[in-house]
Amino acid sequence: MEATNRATTAKKPLKVFRLENVSASVFANDREVKGEPVTFYNLTMTKLYKKDGKTLRTQTFGSEDISKLSYVLNQVEGYIEARKK
């Protein structure tokens with residue numbers, strides 16, 4: 001039952017950026033630091049691929065993914081910077 005509760009309370013990303021099969025999901029974590037509220041931004045990067053007719057995810061990227069990763073990360077950076085203003 002505990003695993004089910006964790007799954008239902010999982011945070012959803014603020015925004016997901018995609019280019020072809022590469023994506024980055026941005027999450028916000030609000031904390032208090034020295035009595036002041038602070039938002040920390042984290043991200044996860046994933047790549048979708050097909051194997052045996054199934055769509056799978058990985059967090060491992062090949063050299064052919066570098067330009068896609070760069071593009072997606074630039075989008076993430078702009079998004080986070082805009083939220084900090």
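Tutor: Let's start with one word: residues are in contact when heavy atoms of theirs lie within 4.5 Å. Take Y41: setting aside neighbours within four places in sequence, Y41 is in contact with L14, V26, F27, A28, I80, R83 and K84. Before we go on, this is a predicted model, where local features need pLDDT of at least 70 and side-chain atom pairs count only at pLDDT 80 or more, while totals for chains, interfaces and linings use all residues. Residues are numbered from 1 along each chain as its sequence is written, and side-chain values use heavy atoms, leaving out hydrogens and water.

Student: How many bridges hold β1 and β2 together?

Tutor: Five bridges pair β1 (residues 15-19) with β2 (residues 22-33), in the antiparallel sense. You can look for V16, whose bridge partner in β2 is S25, and for F17, which stands opposite A24 in β2. The hairpin of these two strands has two residues between them, and E20 takes a positive phi near 55 degrees there.

Student: How many bridges join β2 to β3?

Tutor: Twelve bridges join β2 to β3 (residues 36-51), and the two run antiparallel. Their hairpin also has two residues between the strands, with K34 at a positive phi near 55 degrees.

Student: Let me zoom in on S23. Is it buried or exposed?

Tutor: We say buried for under 20% relative accessible area, exposed for over 50%, and partly exposed in between, using a 1.4 Å probe and protein chains only. S23, which lies in strand β2, has a relative accessible area of 9%, so it is buried. Its bridge partner in β3 is T46, and the side chains of S23 and T46 are also joined by a polar contact of 2.9 Å. A polar contact is a pair of N or O atoms within 3.5 Å; within protein, one must be able to donate a hydrogen and the other to accept it, and residues adjacent in sequence count only if both atoms are side-chain atoms. For the whole protein chain, 25% of the 85 residues count as buried.

Student: Which residues make up the largest nonpolar core?

Tutor: A nonpolar core is a set of buried Ala, Val, Leu, Ile, Met, Phe, Trp, Tyr and Cys residues joined through side-chain atoms within 4.5 Å. The largest one here has twelve residues: F17, V22, A24, V26, A28, Y41, M45, L69, V72, V76, Y79 and I80.

Student: How many aromatic pairs does a search of the whole structure find?

Tutor: Rings of Phe, Tyr and Trp (its six-membered ring) pair if their centres lie within 6.5 Å; planes under 30 degrees apart are stacked, over 60 edge-to-face, and the rest tilted. The search finds one pair. The rings of F17 and Y79 have centres 5.6 Å apart and planes at 65 degrees, so the pair is edge-to-face. It links F17 in strand β1 with Y79 in helix α2, 62 residues apart.

Student: Where is the place of K11?

Tutor: K11 is in the loop between α1 (2-8) and β1. A polar atom of the K11 side chain lies 2.5 Å from the backbone oxygen of A28. Not counting residues up to four places away in sequence, K11 touches F27, A28 and N29.

Note on methods: Pairing = 2+ DSSP bridges. Helix = DSSP H or I, 4+ residues; strand = E, 2+ residues; numbered from the N terminus.
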